[in-house]
Every structure is written in structure tokens, then in C-alpha cells.
Amino acid sequence: MEAPPEQPQPDPAPQTHFDYDWAAAVNPLIGVDNADAPAHPAPEHAAAGPSAPASTEPHAQPQPPQAQGGAAVPAAEELVRRNQHGDPLARRMGRSVRKAVGGGSREAREMGAFLELMRTPVPGSRQIAVASVRGGAGKTTMAALVATELARYRQDRVLAADADAELGSLPLRLGVRTQLSLFDLAGQNPRTFEEAARFLARTPEGLFVLSSTRGGRIAGEFTLEMFQSALNVVARYVGATVVDCGAGILTELNRGVVASSHGLVLVTPGTVDGALSARGALEWYAGNDQQDLLRRTVIAMVSHAPQVGADLHRAHQMLTAWGLPVVFVPYDRHLATGSSVDLSKVSAAARAAVTRVVHEVFARALSAGTGR
């Protein structure tokens, strides 16, 4: 006797993964583990229950959200479950008490030296590149932090420029979005900064941002010549420019940006392979007639997890043997969300490390030749 035909079963209810951080997935910078992420999004008809019929259109192809009605790219804040401070509440309260009773004299001296450097006049515009040997090192986060810190303390204008030819996430980390990008600025000849500023976004700290994307979406590939054309249009109106390079140090675009910069922040994970990759980059620069670049370089080792088992003391010795400052940036819960950076929520230890990075690289940028 022939068995009856198998009846179609309703689609199972979609599984909700509360631990999956979409913002960090878009920008996998620090401490992201997406192993629990669903392999595919739940089908739309599953939410309607068993009675909702599946599409019978032959060879139907899934359409991207923008093709289904022009859905806007969500802001980073919409993808974060809660506000996350870098320091726990008890530590923040303790820090406030120490300030009230006059503690932290060493920190005060260091901040005094930093403020004095920030008041130093700039002989022409200074450019600082932020680069990494590979993706996921925390480079874009560091670029956002360095640029924001400069904008907070410098009296002249500060620009952050995204040189990532793919989907640069610098605007996301800075919490801005613009419909215009470097593609629109290249080839223009604004007569004033106000005309140039139409192509830029601006953060609450006063930082101007030149994006490589339009409305948070990929705008296309660009060359070194196009990037420099757009940057030169606006750079003459600012005192300092921080350029977030794409991943890697060997592409023509990244090599060109680094070569034209007065200072370099080389970002690497605070791990064994991170330290070795940083050493490899230094060896490559030294072996390719770029020894002068080493005098303008600061290494930022970023911890991507609360505890790191690497011997960072030995890593520090290995890298400082090159005569370069090495700054350890500790793990920070706020930065780990991958959302826009709010300096008021960054831990005191991470803020102090960023301030030192800015101090070291800006001092080197000031002393670099004006012919760069």
C-alpha cells in the first residue's frame, strides 16, 4: 500500500539570539564572538504563522532591504542593547572621590604637559595616519579616539578622514552620517572653508569628518589620487588631519597615505601574534627605505578581551627595542560594543592610554619636516 504524501510542516518560530551584537558584527573591532549568530535570517512568513502562504513565484530571488522600499541604514545606537560604560559604577564613583580630595597629582602633571602641547601652534597642517597590518585590530576605533581627543583640545580645526575603500566605519564610530563623501569633494575648488564644509559631517566635539561612504552605504572604490584630491581641498583649512587607513600596509592607497603623513599610529592587538605582526611591519618599513617613518611612529597595542594571557612585558621589550613608544590600551566595555564612541563612557585607563598616544604622535608630527 502506497504511503500517503507527506504533509508540509509550518516553519518553526524564529529563534531570538539576545547575545548577538549587530553593531559589532558590522564593525568587528574588539571582543566580538558571533558563533551563536543564525546562519540565515528568519523567513518573513514565519512571523505570520502557519496560515501565511509561501511565495509561489518561480525562481524568486531575495531582494536587499533598499530594493524593498529604500530602508535606511540604522544608526549604530539603535543596535546597542544598553549604554555600556567602560568603568563599573563603583570605580567611577571612586574616581570622583579621589578628584574631590585632590588626588592624582601625577595624572595632573601629565595632563598639564598634554595641554601645553595642544596649545602649540602648528607650522602648516599636520597629518596623522592610523594603520594596522590586518583588520580587526581596533584601528578605526583608535582613529576615532585620536581625532576626537585632538578636536577637544586643539583651538584650530581638526579633520578625520576615512581612507577605507571598502565600507569604512569611521563615520559610524564617530556617530555621524552624511549623504556627501570624498567622491563629491574630489575635483571641487571651494574658495572658503564654509564651502568645503558642505561635504563634511561634524561631531558634537567639533570634529569635522570626511566620509568614504554615502548615507552609511558603500559609494565605490577610489584611488590614492582621488583621495588626495579630496583631502587637499579641505586640509589647507585645518590644523590637523587624522586619516583612518584601510587594513594592511602594502596597498598603494595605504602606502601613499602613510608616506605623506607627519605621524603614524600603528595599531595591533595586544596578543603574541599582534606583537609579532607589528614587528614585521617595522621590519618592512626599515627594509624598504622608510627608516624616517620609524621616528614618527607610535605603536598602540589594543586589548580585545578583559584578560590577555600574552606576556606583554616581553612584547613591550621587543617593540621598544626599535626606539618607538609602545602604549597599551586596555580592554574597555564601552568600546567593545562597536557603536559610536562616547568619551564620557570610556574607562579612565583607556582614556589615559589614548591621551598618551595622542601626546606621543602629535609631538612627533610637530617635529616632522614641513615638506611632507
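Which residues does Glu-149 touch, not counting residues up to four places away in sequence? The list is Phe-114, Leu-343, Arg-351, Thr-355 and Val-358. Glu-149 sits in helix 4. Its relative accessible area is 0%, so Glu-149 is buried. Keep helix 4 in mind; we will come back to it.

One caution before going on. This is a predicted model. Every value I quote is computed from it.

Now the overall picture. The protein has 372 residues, and 42% of them are buried. There are 13 helices and 10 strands. The accessible surface comes to about 19,700 Å². Carbon and sulfur atoms account for 52% of that surface. Next, contacts.

On to the cores. How many residues does the largest nonpolar core have? It has 45. The residues with the most contacts inside it are Met-142, Leu-150, Leu-174, Leu-207, Val-265 and Phe-362. Helix 13, residues 348–367, gives the largest share of this core, with nine residues. There is also a second, separate core. That one has 44 residues, among them Ala-129, Phe-199, Leu-224 and Val-233.

Look at Val-265 in detail. Ala-129 is counted in the second core, while Val-265 belongs to the largest one.

Val-258 lies in helix 9, residues 252–259. Buried or exposed? Val-258 counts as buried, because its relative accessibility is 4% and the cut-off for buried is under 20%. Leaving aside neighbours within four places in sequence, Val-258 is in contact with Ala-129, Cys-245, Leu-264, Tyr-285, Leu-293 and Arg-296. Val-258 and Ile-128 are 130 residues apart in sequence. In space, C-alpha to C-alpha, they are 8.2 Å apart.

Next, empty space. Rolling a probe the size of a water molecule over the atoms shows where such space is left. How many cavities of 30 Å³ or more does the count give? One. The largest cavity has a volume of about 40 Å³. Its lining is Gly-138, Thr-141, Met-142, Leu-145, Val-302, Val-329 and Leu-335. By class, that is five nonpolar residues, two polar and no charged. Here helix 4 returns. Helix 4, residues 139–153, supplies the largest share of the lining, three residues.

Now some loops. Start with Ser-181, in the loop between helix 5 (170–174) and helix 6 (182–185). Ser-181 has 0% relative accessibility, so it counts as buried. Not counting residues up to four places away in sequence, Ser-181 touches Leu-210, Ser-211, Ser-212, Thr-213, Arg-214 and Ala-219. Leu-200 is 19 residues from Ser-181 in sequence, with 7.4 Å between the C-alpha atoms.

Ser-169 is in the loop between strand 2 (158–163) and helix 5. At 12% relative accessibility, Ser-169 counts as buried. Gly-338 is 169 residues from Ser-169 along the chain, and their C-alpha atoms are separated by 9.7 Å.

Arg-191 is in the loop between helix 6 and helix 7 (193–196). Arg-191 is exposed, with a relative accessible area of 70%. Its C-alpha atom is separated by 9.5 Å from that of Val-233, 42 residues apart along the chain. Val-233 is among the second core's residues.

Last, backbone geometry. Most residues other than glycine have a negative phi. What is the phi of Asp-289? It is positive, about 55 degrees, although Asp-289 is not a glycine. Asp-289 sits in the loop between helix 10 (272–287) and helix 11 (291–294). Its relative accessible area is 72%, so Asp-289 is exposed.

Definitions and conventions:
Residues numbered from 1 in each chain as written. Predicted model: local features only at pLDDT ≥ 70, side-chain atom pairs only at ≥ 80, totals over all residues. Heavy atoms only, no water. 1 Å grid on protein atoms, 1.4 Å probe; cavity = no way out; pocket = protein on both sides within 12 Å on 5 of 7 lines; lining within 4 Å. Points joined across faces, edges and corners; volume = space filled by probe spheres on them. Helix = DSSP H or I, 4+ residues; strand = E, 2+ residues; numbered from the N terminus. Nonpolar A, V, L, I, M, F, W, Y, C, P; charged D, E, K, R; others polar. Buried < 20%, exposed > 50% of the residue type's maximum accessible area, 1.4 Å probe, protein only. Areas by Shrake-Rupley, 256 points an atom, 1.4 Å probe, with all protein chains shown as cover. Contact = heavy atoms within 4.5 Å. Core = buried A, V, L, I, M, F, W, Y, C linked by side-chain atoms within 4.5 Å.
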